[in-house]
Amino acid sequence: MESNKFGLFATSTAQVHDALAVGGAVQGVPSIEKITFHLLRLEDGFVLDEKVFCNDFVNLAHNMGVFLYDDLLAIVSLRYQIIHILQIRDSGNLVHVRAIGEFCREDDELFLNSNAQGMALSDKNKQQQLLGNHIDNNIHQAQPNPGNSFLSGIKQRLLSFMFRGLWNEETDDTLRVQKIRQKFYFHFQDYCDLIIWKVQFLDRHHLLIKFGSVDGGVSRHADTHPAFVAVYNMDTTEIVSFYQNSADELYMLFEQFCDHFYATSRNSMHMNFISSHSNNIHALEQLRSIKDKASSSSQFMKKMLSSLPFSCQSLSPSPYFDQSLFRFDDKLISATDRHKQSTDHPIKFILRRHPYSLRFKIKPGPEAGSMDGRAKKISWFLFHPVLPLALSVQQTLIMQPPLVNISVVNIHFRR
């Protein structure tokens with residue numbers, strides 16, 4: 001937490017991959033018996049509040065299923081397709097603000113239930129009238145089926161936005177009908193089958209929501225599946241924009257205004273100095289170099305846009321990753337919270353300015369290095385946001401039988 005008073009932690013039980021889809025759950029999504037979010041007071045470690053999700057699925061790996069922005073917390077229930085918005089109060093309480101998914105407004109459920117009761121009462125009166133006339137047409141079969149619900153509120157918002165967008169693109173009625181048939185009705189079921197994968201805050205009022213297939217939502221290789229992103233206004237409950245994850249327009253926004261997607265807290269000054277290709281000329285040159293070398297422009301854009309929405313706290317604000325200050329091999333180390341390939345050679349940090357000299361080196365793993373060249377090694381780094389301190393974890397998998405996995409943790413600091 002940016003106030004430095006609270007810490008938010010999550011624990012969960014093991015996944016059940018073949019869980020039955022009951023109670024509106026999405027078929028094919030695993031289930032976790034208990035997921036608990038703990039709000040701790042950092043001063044003494046006292047648990048102030050907890051939020052528990054039972055028989056649900058929230059992707060906790062790399063904060064994929066949660067996003068923290070100031071005092072607002074978004075939690076994505078992948079299994080039940082609900083975005084839970086919670087607020088962390090100064091008193092140390094987790095307060096549920098709204099749930100977005102089946103319903104978009106607070107009174108949607110009340111309105112639909114009232115309407116359903118009215119329909120049931122009307123059908124009952126009709127049935128009594130028919131029975132009074134001694135007519136039996138199995139009228140009970142025409143009564144509403146509680147299990148046959150509408151599309152979710154967020155899905156209806158999405159489909160309405162797509163329909164209106166296609167309708168307004170043409171002024172000629174004949175062309176309108178053709179376009180609607182080809183681009184909307186032909187893919188209607190595919191759009192209905194989309195599920196929410198991931199969510200991030202853009203600000204206190206807008207969410208960036210990623211939609212895709214069920215298979216992609218639970219796959220470790222979701223990048224290979226088609227996906228879409230939408231901007232959703234929580235206040236008006238409207239979809240503001242909608243793109244496929246390979247759209248040229250979305251990539252241009254990503255390249256020119258990348259910092260806006262990070263949604264850094266207004267109270268966190270050091271998070272505003274993270275290098276990106278929209279605020280750093282060296283990062284932009286690096287991005288364009290990769291783009292020029294790519295064999296397919298569309299595949300390159302799709303790969304770059306697959307990172308949207310960004311994961312919360314996925315970038316280190318350490319000044320050592322400031323590309324205006326230092327040059328380093330981003331294949332071995334970067335500000336992104338991800339594993340990297342590891343070598344036996346130290347990672348060099350070289351000054352960007354005169355005298356362009358080696359400033360310092362970081363070497364993960366054992367000091368003597370590995371003697372087995374066939375071993376597969378990956379490293380992960382954790383840098384302090386402001387102090388010259390870092391942790392490195394190197395995992396070595398020796399491929400020859402018997403398989404052995406060795407982990408080495410190092411603490412790096414500058415004197």
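Predicted model: local features only at pLDDT ≥ 70, side-chain atom pairs only at ≥ 80, totals over all residues.
Reader: In which loop is the place of Q313?

Author: Phi of Q313 is near 55°, a positive value in a residue other than glycine. Most residues other than glycine have a negative phi. As for its position in the chain, Q313 is placed in the loop between α9 and β13.

Reader: Is Q313 buried or exposed?

Author: A residue is called exposed when its relative accessible area is over 50%. Because the relative accessible area of Q313 is 54%, this residue counts as exposed.

Reader: Which residue is joined to P309 by a cis peptide bond?

Author: P309 is found in the loop between α9 (297-305) and β13 (326-327). Most peptide bonds are trans. The bond in question, however, is cis, with omega of about -10°, and the residue that it joins to P309 is L308.

Reader: What is the omega of the cis peptide bond that joins H354 and P355?

Author: P355 lies in the loop between β15 (347-351) and β16 (358-362). The peptide bond that joins H354 to P355 is cis, and its omega is about 15°.

Reader: Is T237 buried or exposed?

Author: T237 belongs to the loop between β11 (227-233) and β12 (238-244), and its phi, near 60°, is positive although the residue is not glycine. The cut-off for a buried residue is a relative accessible area under 20%. Since the relative accessibility of T237 is 3%, this residue counts as buried.

Key: Residues numbered from 1 in each chain as written. Heavy atoms only, no water. Helix = DSSP H or I, 4+ residues; strand = E, 2+ residues; numbered from the N terminus. Buried < 20%, exposed > 50% of the residue type's maximum accessible area, 1.4 Å probe, protein only.
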